[in-house]
Amino acid sequence: MDRGAPLLMYAVLVLVGVSMQFLRSSHVVVAPIFTRELAISPEVLGGLSGVMLFASALIQIPGGVLMDRIGPRRSMAGLLLFAIAGGALFAMATNAAGLITARILLGIGTALLFMAVAAVLSRWCSPTSFPAMLGLVGGLGQIGNLLATAPMAALAEWLGWRGAFVVVTTCIAVATLLVYLFVRDAPPDSTYHQRRQETLRETMNGVLEVIRTPQLFRLLAMSGTAWATISAIIGLWGGPYLADVHGFDTLARGNVMAAMATGSIFGAIVFGWVSSRVPSPKPVIVFGVVTNILIFAMLALIPSPTPAFVAVMLGALGLFGSYTSMLIAHGRRFYPERLTGRGLTVVNTAVLLGAASMQWVTGLIVGTFEQVDGHAPPEAYRTVFGVLALTLTVSLSIYLPLREARVEKGRAPR
């Protein structure tokens, strides 16, 4: 590979991250439009977001096996074909069943994207630079959340929400082609290329080896709630909250959510940079968790926050909530190179199952409150913020006693 190729490859990996984040959040700003057009209830809207994450979660461990056997490049390109199909179906859907099916396909198509990016980076980067590069690529990938706010709102205003998803689907098809052409699993001189192909029995034993890792449950407890609490807002309730409680129109919602997405971009880069300069990502993660608990608690306890205060809090939530990618960097320390795909996807299974469950639960919470003129009351959203703060507090108490993992060559930590 020539010297310019890795830079181009990193650019494609960033594009993959952008695509993943955008697809997960692209419906939020336009949700008030298609929910009215197709008569979608809050419970169904919560399930609509959650079903994509459930589909991704079910693919994780089989996908980890796939990555360890055929490599992340071909795994990404193959599964992105499902995302193309999902985007096209979303644009054509005429009822809740069509939207849900589309989101399932999108969930399958995006299931391995960030884990595959992490696997590639772990082989191209040194152990000390890996958190910084993961934070950089992950942070720039948050541009996808930014594009899903004001730009998506403007596109929907111009082309309608269906036309906007046609454009989205076309862009995902281009990204798929770029992944196949320019991403490489490891440097040419890496021992990865001389690895022995495992038997099916050895492959399944590797999954069990990952699951039996000591202290894993503490990491999974935090992984299962950290991104779940952030995605419940940026990936679902942020837009409806701003519309129902503060009366923001489509473009105004997009602008406020853009502040949150912008915070995520810079936050992920900073968290990654700091994590690469400390012995363990754990203290960085704890700082992010505590900050998020305080933000959720303020949004839950203040009865009538001003729109300006809400915009600042959501921007801060994006900034300090971007610590979540460091949980992947922390998880990578638990597994040897041969278990990279399976180890990362076990951690990500908790991330996605937690996010899917949280979106479903918050949908039920909002649905229990009687709507006023088609809008959920402020108390519904304050309850959601309170539940998110409590969930993070419990998870932090489980995560704090986690001892640092030390990976031995060829085997998981003991």
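Helices here are DSSP runs of at least four residues, numbered from the N terminus. The model is predicted.

View 1. Rolling a probe the size of a water molecule over the atoms shows where empty space is left. Three cavities of 30 Å³ or more are counted. The largest cavity holds about 470 Å³ of space. The second largest cavity holds about 40 Å³.

**View 2. The centre of the largest cavity.** In total, 37 residues line the largest cavity. Which of them are closest to its centre? They are Gln21, Arg24, Gln142, Trp227 and Thr324.

**View 3. Helix 11 along the largest cavity.** Helix 11 spans residues 216-246. This helix gives seven residues to the lining of the largest cavity, the largest share.

**View 4. Residue classes around the largest cavity.** The lining of the largest cavity includes 20 polar residues. Another 15 are nonpolar, and two are charged.

View 5. The lining residues are Ile233, Trp237, Gly238, Tyr241, Leu314, Tyr381, Val384 and Phe385. Two elements, helix 11 and helix 17 (378-399), each give two or more residues to this lining. Helix 11 gives the most, with four residues.

Technical notes: Residues are numbered from 1 along each chain as its sequence is written. This is a predicted model: local features need pLDDT of at least 70, side-chain atom pairs count only at pLDDT 80 or more; totals for chains, interfaces and linings use all residues. Side-chain values use heavy atoms; hydrogens and water are left out. On a 1 Å grid over the protein atoms alone, a cavity is a set of points where a 1.4 Å probe fits but cannot get out, and a pocket is an open set with protein on both sides within 12 Å along at least five of seven lines; lining residues have an atom within 4 Å of a point. Grid points are joined across faces, edges and corners, and a volume is the space filled by probe spheres set on the points. Ala, Val, Leu, Ile, Met, Phe, Trp, Tyr, Cys and Pro count as nonpolar, Asp, Glu, Lys and Arg as charged, and the others, Gly among them, as polar.
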